[in-house]
Amino acid sequence: MDQPQISSQILYDTALQLAQKAGNAIARQRHQLDIQFKQGTELVTQADVAADQIIRDGILAHFPDHQILSEELAPDNPTDCEHLWVIDPIDGTVNYAHLHPQVAISIAYYHQGEAQVAVVHNPFLNETFSAINGLGAWLNQQPIQCATTQEMRRALIATGFPYDKHDIPQLIQRLQAVLTQCADIRRLGSAALDICWVACGRLDAYYETVKPWDFAAAQLIAREAGVQFGHIHALPEGINPQLCGENIILAVPALFGPLQQLLQQADISFASKKR
Ligand code: IPD
Ligand code: CA
Ligand code: CA
């Protein structure tokens, strides 16, 4: 027999409450940090792990049979399941450790591979972005919509760079192509917030390669606010776009196609120079 559907409101309230609880915890811990480096380069603190544990415990207390994919405690958990939570306990850990305010807790609930509920909470700016599939997106409970920018030369575009420096030459080629055409670039340090900022009109577009937990919640918030989501290159068959962070683009509708084309051309020209 099929289980009855869990109401979106219960999932939404759970995500919101846990994001706030984890947000309070990381705000308290920020001045006594134990800083370590994963793989020698990727900064992580005890607060990342503590926040992951708070959210994990809260989800399992309500939904013991749900699966969790989370950056610190369960980064390799399979994602092909009915009920999946995708969590970044601190997105913007480098900002967090350097006392910059662009930091978020990101929590998404997926049903059969599709995001249904999303919360991205910035405890340092008291801003909570959220969305429910089909019902809209909000910033602190006020509905949000993306900008209506039409021209690339007026666009403010965000991106980011990985901890691993191997792909820097290719990323610089992309950056040069985009910066030549757009108004300006921002590197704000939290992918989840970059995408939410496209959702609420503070930015016009964003592109980067990230992990599922970096964008799972924010992509739903952005799409619910009218943003177009996709990838620079076509994905192979069978890959779930909502869980594939390779070369993602989120842009206001008029700029999605032009930005995608610009980035594809930058990659073609980079590949031809390498030959
Ligand atoms: C990072 C941030 C950053 C992005 C990196 C991510 P973390 O997440 O989202 O903006 O450029 O690719 O790894 O490590 O702070 O959770
Ligand atoms: Ca992250
Ligand atoms: Ca993180």
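Let me start with Q102, which counts as buried at 7% relative accessibility. Buried here means under 20% relative accessible area, exposed means over 50%, and partly exposed is in between, with a 1.4 Å probe and protein chains only.

Before going on, the background. This is a predicted model, in which local features need pLDDT of at least 70 and side-chain atom pairs count only at pLDDT 80 or more, while totals for chains, interfaces and linings use all residues. Residues are numbered from 1 along each chain as its sequence is written, chains are lettered from A and ligands numbered from 1 in the order in which they are written, and side-chain values use heavy atoms, with hydrogens and water left out.

Back to Q102. Its place is the loop between α3 (93-97) and β5. Helices (H or I, at least four residues) and strands (E, at least two) are DSSP runs, numbered from the N terminus. What does Q102 touch, leaving aside neighbours within four places in sequence? Its contacts are D91, G92, N95, N122, L125, L188, S190, L193 and W197. Contact means heavy atoms within 4.5 Å.

Two of those names, D91 and G92, come up again at the ligand. Ligand 1 is surrounded by 15 residues, and the closest are D91, G92, T93, Y163 and E208. A residue is near a molecule or strand if one of its heavy atoms lies within 4 Å of it. Now some distances to oxygen atoms of ligand 1. From a backbone N or O atom of G92 the distance is 2.7 Å. For a polar side-chain atom of R187 the value is 3.0 Å. For an N or O atom in the side chain of E208 it is 2.4 Å.

Next, helix α5. How many of the residues of α5 are buried? The count is 9 of 9, so α5 is mostly covered, buried again being under 20% relative accessible area. Among the buried residues are L193 and W197, both of which are also on the contact list of Q102. After α5 comes G201, with a positive phi near 90 degrees.

Helix α5 (residues 191-199) packs against helix α6 (residues 212-224). Two packed helices are described by the angle between their axes and the distance between the axes. For α5 and α6 the angle is about 5 degrees and the axes are 8 Å apart. That makes the two helices, α5 and α6, roughly parallel. Axes are lines fitted to C-alpha atoms, for helices over the stretch in contact, and angles run from 0 to 180 degrees between N-to-C directions. Angles under 35 degrees count as roughly parallel, over 145 as roughly antiparallel, 65 to 115 as roughly perpendicular and the rest as oblique.

Which residues of α5 and α6 meet? On the α5 side they are A191, A192, I195, C196 and A199, and on the α6 side D214, F215, A218, Q219, I221 and A222. The residues of this contact divide into 9 nonpolar, 1 polar and 1 charged. Ala, Val, Leu, Ile, Met, Phe, Trp, Tyr, Cys and Pro count as nonpolar, Asp, Glu, Lys and Arg as charged, and the others, Gly among them, as polar.

S130 sits in strand β7 (residues 127-132). Is S130 buried or exposed? It is buried, at a relative accessible area of 1%. The side chains of S130 and Y12 make a polar contact of 2.7 Å. A polar contact is a pair of N or O atoms within 3.5 Å; within protein, one must be able to donate a hydrogen and the other to accept it, and residues adjacent in sequence count only if both atoms are side-chain atoms.

E72 is another buried residue, at 18% relative accessibility. E72 is in the loop between β3 (67-70) and β4 (83-91). Its side chain makes a polar contact of 3.1 Å with the side chain of K38. Its other contacts include V44, D48 and P89.

Q112, between β5 (104-111) and β6 (114-122), is exposed at 58%. N140, between β8 (136-139) and β9 (142-143), is partly exposed at 37%.
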